[in-house]
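The following exercises are to be worked through with the sequence and the structure at hand. Each task is followed by a solution in steps.

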Amino acid sequence: MVWPVPESKERPAPLVVAEGIAAATPIATPLGWRPAASLAPGCEVLTFDNGPQPVTSARVVALGEGAQSQWPLLVPAWALDNRDEVILLPEQKVLIEADIAETLYGDPFALIPAQAMEGWRGIMRLRPTEGAAAVLLEFEAPQVVYASRGVLLSCPGDPYSEVDWQVAQHVNYTLAQARHLIACLMAQEAGAALRALG
């Protein structure tokens with residue numbers, strides 16, 4: 001998905017990419033970790049639900065700057081079990097597991113837009129650097145891939161495939177639902193920290 005940026009006299013209106021994987025993000029493959037930008041159609045990627053799956057499309061797109069609300073998010077090391085910092089686009093869906101998700105919506109796994117995590121565990125907005133790019137990976141059917149050694153990212157399926165790509169394996173949260181879930185997790189973690197001090 002993309003957001004248009006207001007046009008000015010100095011430049012035509014570019015597009016701000018809102019979903020995709022930052023180009024340098026390591027992605028798990030059967031042969032080891034590879035930067036997202038190095039993947040091409042036919043490359044196999046390890047998926048959360050279905051083992052190795054071939055990429056059907058891999059497009060590299062430049063990231064525009066846009067308004068601050070459209071900036072990517074910087075995820076500190078270990079915030080999501082990632083060993084290193086990772087950059088997530090605001091509408092990129094992230095799969096998290098939480099007991100409270102099962103209580104709220106009946107499934108411990110939740111696909112949430114990355115922007116819902118802003119403020120949680122040090123996750124914050126980051127101005128895109130010049131030359132930054134994202135990769136739009138697609139598979140025959142929707143998949144969740146391993147990124148940065150611990151983050152689980154959703155990738156779309158090919159809408160023209162004969163595979164029943166519309167069947168979601170995990171609950172896909174709206175932004176409002178995701179923000180509510182994150183608020184509950186933040187409250188849980190704050191309570192646990194207070195109990196540890198007491």
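**Exercise 1. Determine what share of the contacts with a separation of 6 or more comes from residues 24 or more positions apart, and describe the chain as a whole.**

Solution. The model is a predicted one.
- Step 1: Among contacts in the chain with a separation of 6 or more, 59% are made by residues 24 or more positions apart.
- Step 2: The secondary structure consists of two helices and 16 strands.
- Step 3: The chain has 198 residues, and 42% of them count as buried.
- Step 4: Its accessible surface amounts to about 10500 Å², with 55% belonging to carbon and sulfur atoms.

**Exercise 2. Identify the residues with the most contacts inside the largest nonpolar core, and list the contacts of Val 94.**

Solution. In soluble globular proteins, nonpolar side chains tend to be buried together.
- Step 1: The largest nonpolar core comprises 40 residues. Leu 88, Val 94, Ile 112, Met 117 and Leu 181 have the most contacts inside this core.
- Step 2: Once neighbours within four places in sequence are set aside, Val 94 touches Leu 80, Leu 88, Ala 110, Leu 111, Ile 112, Ala 114, Met 117, Val 151, Leu 152 and Leu 153.
- Step 3: Another core, of six residues, lies apart from the largest one and includes Leu 63, Ala 132, Ala 134 and Leu 136.

**Exercise 3. Characterise the second largest pocket by its volume and its lining.**

Solution.
- Step 1: The volume of the second largest pocket is about 300 Å³.
- Step 2: Its lining is made up of 18 residues, and Leu 80, Asp 81, Leu 95, Ile 96 and Glu 97 lie nearest the centre.
- Step 3: At least two lining residues come from each of β10 (93-97), β15 (151-155) and α2 (175-197). The element that gives the most is β10, with four residues.
- Step 4: Sorted by class, the lining of this pocket holds 13 nonpolar, one polar and four charged residues.

**Exercise 4. Trp 78 has a positive phi although it is not a glycine, and so does Ser 148. State for each whether the residue is buried or exposed.**

Solution.
- Step 1: Trp 78, with a phi of about 75°, is placed in the loop between β8 (73-75) and β9 (86-88).
- Step 2: Trp 78 counts as exposed because its relative accessibility is 58%, and exposed means over 50%.
- Step 3: Ser 148, with a phi of about 50°, is found in the loop between β14 (143-147) and β15.
- Step 4: Ser 148 counts as buried because its relative accessibility is 2%, and buried means under 20%.

Conventions: Residues are numbered from 1 along each chain as its sequence is written. This is a predicted model: local features need pLDDT of at least 70, side-chain atom pairs count only at pLDDT 80 or more; totals for chains, interfaces and linings use all residues. Side-chain values use heavy atoms; hydrogens and water are left out. A nonpolar core is a set of buried Ala, Val, Leu, Ile, Met, Phe, Trp, Tyr and Cys residues joined through side-chain atoms within 4.5 Å. Buried means under 20% relative accessible area, exposed over 50%, partly exposed in between (1.4 Å probe, protein chains only). Contact means heavy atoms within 4.5 Å. On a 1 Å grid over the protein atoms alone, a cavity is a set of points where a 1.4 Å probe fits but cannot get out, and a pocket is an open set with protein on both sides within 12 Å along at least five of seven lines; lining residues have an atom within 4 Å of a point. Grid points are joined across faces, edges and corners, and a volume is the space filled by probe spheres set on the points. Ala, Val, Leu, Ile, Met, Phe, Trp, Tyr, Cys and Pro count as nonpolar, Asp, Glu, Lys and Arg as charged, and the others, Gly among them, as polar. Accessible areas come from the Shrake-Rupley method with a 1.4 Å probe; for residues, only the protein chains shown count as cover.
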